[in-house]
Amino acid sequence: MNVTWFDKFLMTEGRMAPIEGALLHALALAACRNTSSGVILELGTFRGRSACAIGAACKLVGMRLITIDNWCQSNSPSVGPSSREIAERNLADVGLADTVTVIEGNTREHRLLGGLSMIFIDAGHDKGSVIADFETWWGDLQRGGIVAFHDCGAPGVAAALVDLRARYPIGLVAMAGAIQAFQKAH
Ligand SMILES: C[S@@+](CC[C@H](N)C(=O)[O-])C[C@H]1O[C@@H](n2cnc3c(N)ncnc32)[C@H](O)[C@@H]1O
């Protein structure tokens, strides 16, 4: 059987709905058209479910996905592959090993990645974490780029969005399930 990125998305542990994966895939393609960077950043990898959706779009258009997680809460002390290894294997299974770079670390530790076409924020879901993740990377997002958030119905994420929309030039451009996506003003 030829396993597609969408098959792998469905097989991979995680709470993201199929419609949300499809939206992320489309947003990544749109972000590529609107910007020149060619790099997308994901905060919160877990087992690579959403990274399959975004990474597959990146591969289609020659972009790169960088995904960051510390897996502090999801690695069990028992023997067996770590969550990082599982994520990397899931991505490799659908030919995304060369397209997606998995980084183990804190999402709020800034790294020099160059300009970003899109940021997907799905790490800590309390208000302070969402704002800190956004503000760590906002300066790297190119004008016209996309910033998308998962679990927008969660109280912490919803409160963070009210705050961020009041203070930053971002406009709502798409939503599906619990994802809301915003474009940085040109
Ligand atoms: C909801 S899960 C991500 C789900 C993933 N996007 C998917 O589609 O399956 C959130 C992840 O963020 C990670 N995380 C939370 N806070 C973090 C932080 N400050 N730095 C790095 N990773 C963090 C957790 O380890 C967890 O794996």
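I began with terms: angles under 35 degrees count as roughly parallel, over 145 as roughly antiparallel, 65 to 115 as roughly perpendicular, and the rest as oblique. The model is predicted, so I noted that local features need pLDDT of at least 70, side-chain atom pairs count only at pLDDT 80 or more, and totals for chains, interfaces and linings use all residues. Residues are numbered from 1 along each chain as its sequence is written.

**Entry: two helices**

I looked up helix H5 (residues 127-137) and helix H6 (residues 155-167). Helices (H or I, at least four residues) and strands (E, at least two) are DSSP runs, numbered from the N terminus. H5 and H6 pack at about 45 degrees, with their axes 7 Å apart. Axes are lines fitted to C-alpha atoms, for helices over the stretch in contact, and angles run from 0 to 180 degrees between N-to-C directions. The two helices are therefore oblique to each other.

I listed who meets whom (contact: C-beta atoms, placed from the backbone, within 7 Å). Lys127, Val130, Ile131 and Phe134 in H5 meet H6 residues including Gly156, Val157 and Leu164.

**Entry: the sheet**

I found seven strands in an open sheet, ordered S3-S2-S1-S4-S5-S7-S6, with mixed pairing. Two strands pair if DSSP finds at least two bridges between them. The edge strands are S3 (100-104) and S6 (170-176), each pairing on one side only. The twist averages 20 degrees from one strand to the next.

I then checked S1 (residues 39-43) and S4 (residues 116-121), which pair in the parallel sense over four bridges. Leu41 stands opposite Ile119 in S4. H3 lies across S1, S2, S3 and S4, at about 160 degrees to S2.

How values were computed: Two residues are in contact if their C-beta atoms, placed from the backbone, lie within 7 Å.
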